[in-house]
Amino acid sequence: MASMRMLVFVTMLFCLFKVGFTGAPPGIKFSTSNSGSNNKIRAGYYSQATLWHGVKARFGIWDINNDVDRLSSSGAYIGATNQSPGLEMIAAGFHVNPSLYGDKSLHFFTYWTTTNDYSTGCYNNLCPGFVLQNGASFVPGATSVRMFSKYDKEEFLLVLNIKKDEKTGDWSLYIEDSRGRELLGWWPKTLFKSLSNHAETIEWTGFVSHDSKERRPPMGSGRFANELNNRAASISDCFGFDEHGNGFEGKDYKPLANIDKPACYSVSQWYQTKHSAQRHFFYGGPGGCTQ
């Protein structure tokens with residue numbers, strides 16, 4: 001019996017090391033303040049359905065900047081992550097972050113790290129890492145967004161796409177709109193070890209962070225997810241690329257919800273439809289919650 005228990009234990013260990021990290025990804029370094037008391041809260045989904053070579057999403061863009069205090073932040077992003085043997089992550093999205101920029105405007109951002117304590121990497125181009133494409137219309141850290149969604153009106157949407165270049169091995173970042181797809185830049189594969197091959201996890205995440213002395217800011221549109229279309233913020237066309245660089249079409253993403261404070265910020269079910277939104281969900285909350 002003892003030998004059987006040992007065999008089971010060894011088998012479990014083997015499976016853990018073979019498959020790698022199987023929990024929710026830790027996310028980006030949400031706070032850039034030095035207060036030491038910043039709390040992060042997420043609402044979104046992640047997938048570990050295959051070995052990923054890219055992630056894509058269409059973001060609803062909302063203007064909630066006046067309700068984000070000096071040491072707080074609020075935004076949404078797509079990310080690709082490995083956690084074995086250590087954290088390696090890239091991400092891109094949109095956020096309001098007064099401590100990083102000195103204003104309350106919505107900024108496009110990129111992020112990367114290769115250490116569990118976030119001691120490497122950075123936002124945007126605050127350190128060497130992300131390589132900006134010459135002439136890119138969206139520059140990391142810039143206030144490039146000029147249009148915003150309005151409550152009960154058609155949501156204004158922007159598409160971001162992170163995809164591993166199968167020739168160079170770099171992770172390329174694109175933006176898509178009615179004019180087509182534009183390369184904004186890339187994270188060189190030389191920045192990474194395990195992530196230079198593939199990502200174990202991709203995610204689509206709304207988030208806030210706040211200092212313990214400040215009120216929690218709104219997330220998304222400032223409305224709960226159950227208000228749905230054109231009221232709650234959406235992340236739609238949630239998409240991934242498999243180990244061959246092909247779109248993971250018509251397959252089960254096995255999405256897992258990642259929600260830290262459901263009483264304060266909610267996330268809807270994962271919808272899979274045949275219309276343009278395809279795989280999508282709603283997320284957000286009004287802020288000010290004390291639970």
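This is a predicted model: local features need pLDDT of at least 70, side-chain atom pairs count only at pLDDT 80 or more; totals for chains, interfaces and linings use all residues.
How do the residues of the lining of the largest cavity divide into nonpolar, polar and charged? Residues are numbered from 1 along each chain as its sequence is written, and side-chain values use heavy atoms, leaving out hydrogens and water.

**Figure 1. The chain has 2 helices and 16 strands.** Both kinds of element are DSSP runs, numbered from the N terminus: helices are H or I, at least four residues, and strands are E, at least two. Of the 291 residues, 52% are buried (under 20% relative accessible area, 1.4 Å probe, protein chains only).

**Figure 2. W62, G75, L106, G220 and Y283 lie nearest the centre of the largest cavity.** A cavity is a set of points on a 1 Å grid over the protein atoms alone where a 1.4 Å probe fits but cannot get out; lining residues have an atom within 4 Å of a point. The lining holds 14 residues: 9 nonpolar, 5 polar and no charged. Here Ala, Val, Leu, Ile, Met, Phe, Trp, Tyr, Cys and Pro count as nonpolar, Asp, Glu, Lys and Arg as charged, and the others, Gly among them, as polar. Strands β2 (54–60), β3 (73–82) and β4 (88–96) each supply at least two lining residues.

**Figure 3. F94, W187 and W204 have the most contacts inside the largest nonpolar core, of 54 residues.** Such a core joins buried Ala, Val, Leu, Ile, Met, Phe, Trp, Tyr and Cys residues through side-chain atoms within 4.5 Å. Strand β12 (residues 233–241) gives this core its largest share, 5 residues. Another core, of 11 residues, lies apart from it and includes I28, L87, Y111 and F207.

How values were computed
Buried means under 20% relative accessible area, exposed over 50%, partly exposed in between (1.4 Å probe, protein chains only). On a 1 Å grid over the protein atoms alone, a cavity is a set of points where a 1.4 Å probe fits but cannot get out, and a pocket is an open set with protein on both sides within 12 Å along at least five of seven lines; lining residues have an atom within 4 Å of a point.
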